[in-house]
Amino acid sequence: MRRLGPPTLLLACLAALIAPGAAQAARDQTVLFEAPRDLLDAQSRPGALRQLDQLGVRALRVVLLWNNVAPSPDAATRPGFDATDPSAYHWGQYDDVLAAARERGWQVLLTVSGPVPRWATAGGVDHVTRPDAQEFQAFMTAVGRRYGQQIKLFSIWNEPNEPIFLGPQFQNGAPASPRIYRGLFQAGVAGLRASGNFSGTRVLMGETAPRGTGHVVAPLTFLRGALCLDSHYRRASSCSALPADGYAHHAYTTAAGPGFKPPGANDVTIGVLPRLTTALDRAAAAGAIRAGLPIYLTEFGIQSKPDPFVGVPLAQQAEFQALSERIAYNTPRVRFFSQYLLRDDVPRPGSSLQRYSGFESGLEFADGGRKPSYSAWPVPVAVTRSGGRVSLWGLARPARAATNVEVQVADGKGGFRHLLSAHTNSLGYWTAHSTYRHGRRWRVRWTSPDGVAYVGPPIRAYDSAGRLAA
């Protein structure tokens with residue numbers, strides 16, 4: 001969960017990524033929703049759950065911060081308690097959210113992360129510096145005992161290549177966080193195993209932020225460091241393979257859209273997912289992870305206005321979201337996609353830069369007003385042009401069985417009219433083809449079996465490079 005820098009105008013070719021009807025598309029892609037401000041607050045939770053039900057949510061990502069539940073988190077000296085005993089912690093808000101998910105039959109990814117209690121860090125000077133792996137193992141044993149019977153998908157740490165979650169990132173100019181993270185991951189898996197509730201559990205590594213800076217380790221650099229690989233993917237003989245069941249990544253892009261190609265070869269945004277696939281394959285060839293490790297895009301969103309720095313126009317947010325989801329769907333190794341935020345972060349006091357230093361990737365504004373993305377999310381449609389034709393990809397997200405959706409078009413100043421009916425697969429996905437006209441817009445109408453009508457916003461066509469079609 002971090003903000004990318006100012007947008008660059010460089011665009012990558014998306015032809016291979018968004019080609020219609022990809023033969024090996026991930027037909028069972030799970031889409032996570034993350035709404036911490038709405039779900040972790042007891043007052044807003046009931047309304048948020050009703051919204052997520054209607055939007056078609058079936059899976060949540062919940063980030064459990066060690067610091068939030070530990071006893072005496074601000075003390076520099078460790079209090080006396082059994083760190084493996086769940087009753088020693090204050091689970092409160094997490095218990096309530098996970099219970100609500102269980103009642104609805106939703107899958108949950110539980111990401112256990114820093115910041116951490118001061119007493120569990122080197123020197124006790126802050127909440128992120130060199131967390132003690134043995135203390136983390138004990139904490140993960142408590143987590144497994146508390147939640148391991150109901151949750152079978154865990155991830156270790158949120159954006160460990162970011163200094164606000166793990167430090168130091170660098171030491172003497174060299175990346176330091178990857179090796180720290182390796183120890184934490186091993187300790188986390190050992191703790192879950194010790195809980196007695198490990199059967200059937202999968203544990204993801206990574207959860208990496210998309211781009212490196214002078215303060216953030218680039219994700220592929222981080223991956224290699226955590227797996228004891230050099231820049232040529234040669235593994236140190238002293239390191240064993242990590243027992244990861246998948247690699248989690250946050251493939252945020254910039255205001256340039258899904259077609260953005262970061263110039264840093266070790267960065268991975270949604271438009272260059274093959275970089276991550278290639279890196280994982282090379283790591284597997286070196287014996288550092290198992291072969292064919294799946295990719296979980298566990299945090300993603302498109303920032304919109306009113307953010308004046310990286311926010312895209314409101315209509316374009318919905319278009320970029322659908323194009324990005326289609327890229328993930330058509331990338332065979334991707335198992336999960338995600339939406340980060342129901343509501344934008346609350347603007348902060350100060351200058352414009354400070355005011356919008358959070359995230360404006362929600363489907364709603366901070367005050368609850370709805371963006372076009374809100375109506376688009378249940379019935380997304382991506383439209384890509386090739387010559388005089390367009391391919392359409394979409395989803396009736398709340399559908400629980402095969403169904404029919406109506407695709408409509410509007411030309412010029414005219415109103416929307418029927419174009420075609422598309423039949424979905426059992427998960428609600430559909431594809432179609434039509435003709436292209438300059439200025440044409442598309443939208444989807446779908447009525448659920450219980451009578452709820454969904455109408456998406458107008459969507460424009462994009463070319464294979466991710467640019468608005470001419």
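Tutor: Start with the open sheet of four strands, in the order S14-S13-S16-S17, with antiparallel pairing. Keep in mind that this is a predicted model.

Student: Which are the edge strands there?

Tutor: Strand S14 (417–423) and strand S17 (453–455). Each of them pairs on one side only.

Student: And how much are neighbouring strands turned against each other?

Tutor: By 25° on average in this sheet, with direction ignored.

Student: Take S13 and S16. How many bridges?

Tutor: Five. Strand S13 covers residues 404–410, strand S16 covers residues 441–447, and they pair in the antiparallel sense.

Student: What stands opposite glutamine 408?

Tutor: Arginine 443, in S16.

Student: How do S11 and S12 pair?

Tutor: In the antiparallel sense, over six bridges. Strand S11 is residues 381–386 and strand S12 is residues 389–395. Valine 383 stands opposite leucine 392 of S12.

Student: What happens in the hairpin of S11 and S12?

Tutor: Two residues sit between the strands. Glycine 387 has a positive phi there, near 65°.

Student: And S12 with S15, how many bridges?

Tutor: Seven, again in the antiparallel sense. Arginine 389 has threonine 435 in S15 as its bridge partner.

Student: Switching to helix pairs. At what angle do H5 and H6 pack?

Tutor: About 35°, with the axes 7 Å apart. Helix H5 is residues 133–147. The crossing is right-handed.

Student: Which residues make the contact?

Tutor: From H5, Ala133, Phe136, Gln137, Met140, Thr141, Gly144 and Arg145. From H6, Gly183, Leu184, Ala187, Gly188, Ala190, Gly191, Leu192 and Ala194.

Student: How does that split by class?

Tutor: Eight nonpolar, six polar and one charged in the contact of H5 with H6.

Student: Now H6 and H7. How do their axes run?

Tutor: The axes of helix H6 (residues 177–194) and helix H7 (residues 219–226) come within 8 Å. They cross at roughly 55°. That angle makes H6 oblique to H7.

Student: Right-handed or left-handed?

Tutor: The crossing of H6 and H7 is right-handed.

Student: What meets what?

Tutor: Ser177, Pro178, Arg179, Tyr181 and Arg182 of H6 meet Phe222, Gly225 and Ala226 of H7. By class, the contact of H6 with H7 has four nonpolar, two polar and two charged residues.

Student: On to the backbone. Where is there a cis peptide bond?

Tutor: One runs from glycine 114 to proline 115, with omega near 5°. Proline 115 is in the loop between strand S3 (107–113) and H5. Another cis bond joins glycine 167 and proline 168, with omega about -5°. Proline 168 lies in the loop between strand S4 (153–156) and strand S5 (170–171).

Student: Why point those out?

Tutor: Because most peptide bonds are trans.

Student: What about phi at glutamate 159?

Tutor: Glutamate 159 has a positive phi of about 45°, though it is not a glycine. Most residues other than glycine have a negative phi. Glutamate 159 is also in the loop between S4 and S5.

Student: Zooming out. How many helices and strands does the protein chain have?

Tutor: It has 11 helices and 17 strands. The radius of gyration is 22 Å, close to the 23 Å that the globule rule gives for 470 residues, so the chain is as compact as a globular protein of that length.

Student: And what box do the C-alpha atoms fill?

Tutor: Roughly 70 × 50 × 50 Å, taken along the principal axes.

Conventions
Residues are numbered from 1 along each chain as its sequence is written. This is a predicted model: local features need pLDDT of at least 70, side-chain atom pairs count only at pLDDT 80 or more; totals for chains, interfaces and linings use all residues. Side-chain values use heavy atoms; hydrogens and water are left out. Axes are lines fitted to C-alpha atoms, for helices over the stretch in contact, and angles run from 0 to 180 degrees between N-to-C directions. Angles under 35 degrees count as roughly parallel, over 145 as roughly antiparallel, 65 to 115 as roughly perpendicular and the rest as oblique. A crossing is left-handed if the near helix is turned anticlockwise from the far one by less than a right angle, and right-handed if clockwise. Contact means heavy atoms within 4.5 Å. Ala, Val, Leu, Ile, Met, Phe, Trp, Tyr, Cys and Pro count as nonpolar, Asp, Glu, Lys and Arg as charged, and the others, Gly among them, as polar. Two strands pair if DSSP finds at least two bridges between them. The radius of gyration is taken over C-alpha atoms; the globule rule is 2.2 Å times the number of residues to the power 0.38.
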